[in-house]
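Keep the structure open and follow along as we go.

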Amino acid sequence: QVQLVESGGGLVQAGGSLRLSCAASGRISSKNVMGWYRRAPGQQRELVASISSGGFTKYADSVKGRFTISRDNAKIYLQMNTLKPEDTALYYCELDQSTIYWGRGTQVTVSS
């Protein structure tokens, strides 16, 4: 069984920063991709950023230059700078090792 636990969400003013963390536990494959997705109210869930076990990263165009994903084994982090109100969403951690696992999400709210 695999569990993903996110932390670090909260309320911040536009222009501020937050750092999200996600810890994976259980049977973790040595080769996997972990990432952050988000779902804003009334919107579909979208990829924010992902990082492979080999360190390859991918970002949504909307966050390039503002967000940085990093990992330390089975933990990933998302440093979010220059936050905008449109970044407000429920942020989910995802682990893809053939089977996909999701965390429960952490809320990020950016006030204007």
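## Charges over rings

Arg 45 lies over the face of Tyr 92, 5.4 Å from the ring centre. A charge counts as sitting over a ring when NZ of Lys or CZ of Arg is within 6 Å of the ring centre and within 35 degrees of the ring normal. Arg 19 does this too: its charged end sits over the ring of Tyr 77, at 4.2 Å from the centre.

A word on the ground rules: this is a predicted model, in which local features need pLDDT of at least 70 and side-chain atom pairs count only at pLDDT 80 or more, while totals for chains, interfaces and linings use all residues. Residues are numbered from 1 along each chain as its sequence is written, and side-chain values use heavy atoms, with hydrogens and water left out.

## The aromatic cluster

Which residues do ring pairs link into a cluster? They are Tyr 37, Tyr 92 and Trp 102. Rings of Phe, Tyr and Trp (its six-membered ring) pair if their centres lie within 6.5 Å; planes under 30 degrees apart count as stacked, over 60 as edge-to-face and the rest as tilted. The count by this rule is two aromatic pairs. Tyr 37 and Trp 102 make an edge-to-face pair, with 5.1 Å between centres and 75 degrees between planes. This pair links distant parts of the chain, since Tyr 37 is in strand S4 (residues 33–39) and Trp 102 is in strand S10 (residues 99–102), 65 residues apart.

Tyr 92 and Trp 102 are also edge-to-face, at 6.4 Å centre to centre and 85 degrees between the planes. Here Tyr 92 comes from strand S9 (residues 89–97), ten residues from Trp 102 in S10. Buried means under 20% relative accessible area, exposed over 50%, and partly exposed in between (1.4 Å probe, protein chains only). Tyr 92 has a relative accessible area of 8%, so Tyr 92 is buried. Trp 102 is partly exposed because its relative accessible area is 34%.

The side chain of Thr 106 reaches the backbone nitrogen of Gly 9 at 3.2 Å. Leaving aside residues up to four places away in sequence, Thr 106 touches several residues (contact means heavy atoms within 4.5 Å), among them Glu 6, Leu 20, Ala 89 and Tyr 91.

## Strands side by side

Two strands pair if DSSP finds at least two bridges between them. Strand S3 (residues 18–26) pairs with strand S8 (residues 75–80) in the antiparallel sense over six bridges, and Arg 19 stands opposite Gln 79 in S8. Strand S7 (residues 67–72) also pairs with S8 in the antiparallel sense, over six bridges; there Ile 69 stands opposite Leu 78. S7 and S8 form a hairpin with two residues between them, and Asn 73 in the turn has a positive phi of about 60 degrees.

## The whole chain

The protein has eleven strands and zero helices. Helices (H or I, at least four residues) and strands (E, at least two) are DSSP runs, numbered from the N terminus. Of its 112 residues, 39% count as buried. Among contacts between residues at least 6 apart in sequence, 53% join residues at least 24 apart. The C-alpha trace spans about 40 × 25 × 20 Å along its principal axes.

Note on methods: Polar contact = N/O pair within 3.5 Å; in protein donor to acceptor, adjacent residues only side chain to side chain.
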